[in-house]
Amino acid sequence: MLKTVQGKAWSKYLLSLPPMAYLLIFFAAPTLIMLFASFRYSGEYGGLAPWLVQDGGQWTLDLTLENWQRLFGTDIYLRLFVKSIGYAVSTTVICMVMAYPLALMIARSGRKSRDLLLLLVILPFWSNFLVRIYAWMIIFSPMGALTRILNGTLDFFGLGPVTLMYSPPAMIVCLVYVHLPFMVLPLYANLEKHDPYLLDAAQDLGAGRWRRFWLITWPLSLPGITAGSILVFIPVLGMFAIPDLLGGTDGIMIGNVIKQQFMESRDWPFGSVLSMVLTVAAVAVVLLGSRMSRQRAGRGG
Amino acid sequence: MMSRKNLLLALSAALVYLFLYLPLVIVVVFSFNDSRLNAEWVGFTWKWYGKLLENQEMLTAAMNSLIIASVSAGIATILGTLAGIAMHQYRLRLLQILVLAPIAMPEILMGVSLLVLFIMVNMTLGLISIMLAHITFCIGFVALAVQARISSLDPALIEAARDLGATPWQCFREITLPLLMPGILAGALMAFTLSIDDFVITFFTAGVGSSTLPLQIYSMVKIAVTPEVNAVSTLLMLVTLVVITVASRLSPAIFRGE
């Protein structure tokens, strides 16, 4: 390991304290404050009510479980979470199906073309997020060529016109589009490390093409798939812009309701409750994923 | 010669590339289209770019974006470099969690929690609050870029310098820092792009008075799809393309998902 700064105990604090302090103030503290806010009352004009009130010369805590009771009191929010998880799972699976052949092709191509092929995957990912959503708004727009061709074809068979815009399928296409590179990159990093001799040996022993894939390539690529799935699933679960712009009334996700609580109905305590649930879900997915990869590593597979 | 399976693989990969690029090509092409509708090619024009230059709100937003991205990237680069070196050199579990967690969490959580923090301390939302938020999510990316660079360096270089009598500080300034420079610069450019492109976190921390380019695009597309959005999108893509190409030259490793 390269020791960049030699010896000196203080250098450890000199290096780590500034970033640590910054992230404690602007990342850790806000998360805890939001946990606390989920037990507070809503302010009269939105925001939060004071949590400490003076009552006849005595200071009392003014906290409540109301917000959490509201979450569990109906099945609206449970259904919302289930729906969001459903959209996130669909997006992850479609990303996997699309990313696999691409990652495999890149991993098996020559050293020189690999860098270029990878750069081509990454470039659209670095173009602006909203621009990428906007592109699909053009494609799905009622006047766009896609909708007109589709409806022309449907009309030929005597079927009624459809709208693509503002529907869950349109939203899922865009979710896949935005998150696809997150699946391709870890999958490629994994596939690239596979030993080609394994496949040769299997072929010599008489295994056919699909058998070789299912018995060797696929199981070996599971860590890459796990990593990619986490990287796709978590941001999709918390998404609000894509459902907002493309999803219509059916394509509402948990992120939209959180945004609504903070920006429109201004019920911050309840918004905090939903945010905490999302936090727990995201942390659970990360822990589950790292546990799965550790177990596999433990088996030596 | 290609076997049937390889052909199938290449074909499906080509389709995925088409899926990745076609939408962006459509945005660019229609930015030169002489029609208010993004539907049919009518004729070539520069007028949507001209309209952008007359759009005062858009210019202010662009200026804000540049200021925010420069300041945020600058500060995040310093903090992220320190974090990257510290993470490489010491086993600091808390630092590691603090650096990586913001990258792993859904963006909306950072957005709303910072909004609650800023309001709690009675801070007026505006450029400063946006910068503070952007620094928070940029630190991790810089730290990872720097860490990737350190791991690829030869430890013998530092030992040699020490053996030749360099003080630790000299060693750091004359050997380590110049060697880390490509990683630091790549991290800085990444931070700049992430900041100039960010929509979600900015959306929650911007307040009413200050807009950035992504916020401006959002409020425009909420109302209607217009070629002016295509023009500003094309320009934004051009900026990102240049910055990212330079960054990937400086530090190829971090762009390979390693």
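**Reading the helices and contacts of a predicted model**

Author: Of the 258 residues of chain B, 55% count as buried. Buried means under 20% relative accessible area, exposed over 50%, and partly exposed in between, with a 1.4 Å probe and protein chains only. This is a predicted model: local features need pLDDT of at least 70, side-chain atom pairs count only at pLDDT 80 or more, and totals for chains, interfaces and linings use all residues. Residues are numbered from 1 along each chain as its sequence is written, chains are lettered from A in the order in which they are written, and side-chain values use heavy atoms, without hydrogens and water.

Reader: How many helices and strands are in chain B?

Author: Helices (H or I, at least four residues) and strands (E, at least two) are DSSP runs, numbered from the N terminus. Chain B has eleven helices and zero strands. Its C-alpha trace spans about 70 × 70 × 30 Å along the principal axes.

Reader: Which residues touch the most other members of the largest nonpolar core?

Author: In soluble globular proteins, nonpolar side chains tend to be buried together. A nonpolar core is a set of buried Ala, Val, Leu, Ile, Met, Phe, Trp, Tyr and Cys residues joined through side-chain atoms within 4.5 Å. Here the largest has 165 residues, and I242(A) and F199(B) touch the most other members. Contact means heavy atoms within 4.5 Å. Leaving aside neighbours within four places in sequence, I242(A) contacts F129(A), I133(A) and M171(A), among others.

Reader: What does L123(A) contact?

Author: L123(A) lies in helix 4 (residues 111-126) of chain A. Beyond neighbours within four places in sequence, L123(A) is in contact with Y21(B), L241(B) and I244(B).

Reader: How many aromatic pairs are there over all chains?

Author: Rings of Phe, Tyr and Trp (its six-membered ring) pair if their centres lie within 6.5 Å; planes under 30 degrees apart count as stacked, over 60 as edge-to-face and the rest as tilted. The whole structure holds 29 such pairs over all chains. F199(B) and F203(B) have ring centres 5.5 Å apart and planes at 45 degrees, so this pair is tilted. Both F199(B) and F203(B) are buried. In chain A, ring pairs link Y100(A), W210(A), F213(A), W214(A) and W218(A) into a cluster.

Reader: Where does the charged end of R70(A) sit?

Author: A charge sits over a ring if NZ of Lys or CZ of Arg is within 6 Å of the ring centre and within 35 degrees of the ring normal. The charged end of R70(A) sits over the ring of F270(A), 3.8 Å from its centre.
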